[in-house]
Amino acid sequence: MNQHPATDAARAPTLLFRMPLDLRWRDLDAFNHVNNANFMTYVEEARIRWFETAIRGWATDAHAPLLAAVQMNYRLPIPYPAQVFVELFAGRIGNTSLTLGHRIVSADGRLYADGHSVLVWIEIASGRPVQLPDAVHAAAEMG
């Protein structure tokens with residue numbers, strides 16, 4: 001068996017983006033912690049902010065990303081009040097798709113959730129996959 005010490009799986013992911021987030025009272029559920037559905041909203045917000053601050057041309061009238069898959073591991077409930085950070089990491093960069101790792105952590109590093117999202121760029125008119133925009137590819141590689 002051929003072993004490579006620096007495989008993709010062995011490398012620690014590089015942080016692309018870190019977004020601070022103050023929790024809102026309305027984020028809570030009946031158990032007085034953040035409802036699990038809001039975790040997805042937090043990650044979505046971080047993705048959009050990263051796109052808008054780091055990538056020119058990530059979406060146009062002709063093409064845009066479509067969320068193809070999302071996976072979330074709920075590690076700990078998030079108490080209220082708290083400030084959390086949503087972190088994004090570059091994962092697999094494909095021809096038409098990008099996998100972004102995500103984590104929700106406290107200021108002191110407590111891990112509330114982690115997982116990944118797969119985004120596929122599509123031609124809006126046809127709904128068919130298109131080549132990952134060069135600017136997205138370059139921004140993800142910087143991570």
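1. **Aromatic cluster.** Trp 50, Phe 51, Trp 58 and Trp 121 form one aromatic cluster. The rings of Phe, Tyr and Trp (its six-membered ring) pair if their centres lie within 6.5 Å; planes under 30 degrees apart count as stacked, over 60 as edge-to-face and the rest as tilted.

2. **Basis of the model.** This is a predicted model, where local features need pLDDT of at least 70, side-chain atom pairs count only at pLDDT 80 or more, and totals for chains, interfaces and linings use all residues. Residues are numbered from 1 along each chain as its sequence is written, and side-chain values use heavy atoms, with hydrogens and water left out.

3. **Overall layout.** The protein chain has two helices and five strands. From the N terminus on, the order is β-α-β-β-β-β-α. Helices (H or I, at least four residues) and strands (E, at least two) are DSSP runs, numbered from the N terminus. The C-alpha atoms fill a box of roughly 45 × 45 × 25 Å, taken along the principal axes. Of the 143 residues, 37% count as buried. Buried means under 20% relative accessible area, exposed over 50%, and partly exposed in between (1.4 Å probe, protein chains only).

4. **Aromatic pairs.** How many aromatic pairs does a search of the whole structure find? There are five. Trp 25 and Tyr 80 form an edge-to-face pair, 5.4 Å centre to centre, with 80° between the planes. This pair links distant parts of the chain, 55 residues apart. Trp 25 sits in the loop between strand E1 (15-22) and helix H1 (36-54), and Tyr 80 in the loop between strand E2 (63-74) and E3. Trp 25 counts as exposed because its relative accessibility is 60%. Tyr 80 is partly exposed, with a relative accessible area of 32%. Phe 51 and Trp 121 also pair edge-to-face, at 5.9 Å centre to centre and 75° between the planes. Phe 51 is in helix H1 and Trp 121 in strand E5, 70 residues apart. Are these two buried or exposed? Both Phe 51 and Trp 121 are buried.

5. **A charge over a ring.** Arg 18 lies over the face of Phe 85, at 3.9 Å from the ring centre. The test is that NZ of Lys or CZ of Arg is within 6 Å of the ring centre and within 35 degrees of the ring normal.

6. **Second largest pocket.** Its volume is about 190 Å³. A pocket is an open set of points on a 1 Å grid over the protein atoms alone, where a 1.4 Å probe fits, with protein on both sides within 12 Å along at least five of seven lines; lining residues have an atom within 4 Å of a point. The lining includes Pro 13, Phe 89, Arg 92, His 102 and Asp 114. Strand E3 (83-93), strand E4 (97-106) and strand E5 (111-123) each supply at least two lining residues.

7. **Asp 114.** This pocket-lining residue is in strand E5. Asp 114 counts as buried because its relative accessibility is 16%. Its side chain makes a polar contact with the side chain of Arg 75 (3.0 Å). A polar contact is a pair of N or O atoms within 3.5 Å; within protein, one must be able to donate a hydrogen and the other to accept it, and residues adjacent in sequence count only if both atoms are side-chain atoms.

8. **Backbone points to check.** Most residues other than glycine have a negative phi, and most peptide bonds are trans. A cis peptide bond joins Tyr 80 and Pro 81, with omega about -5°. Asn 32 has a positive phi of about 65°.

Note on methods. Grid points are joined across faces, edges and corners, and a volume is the space filled by probe spheres set on the points.
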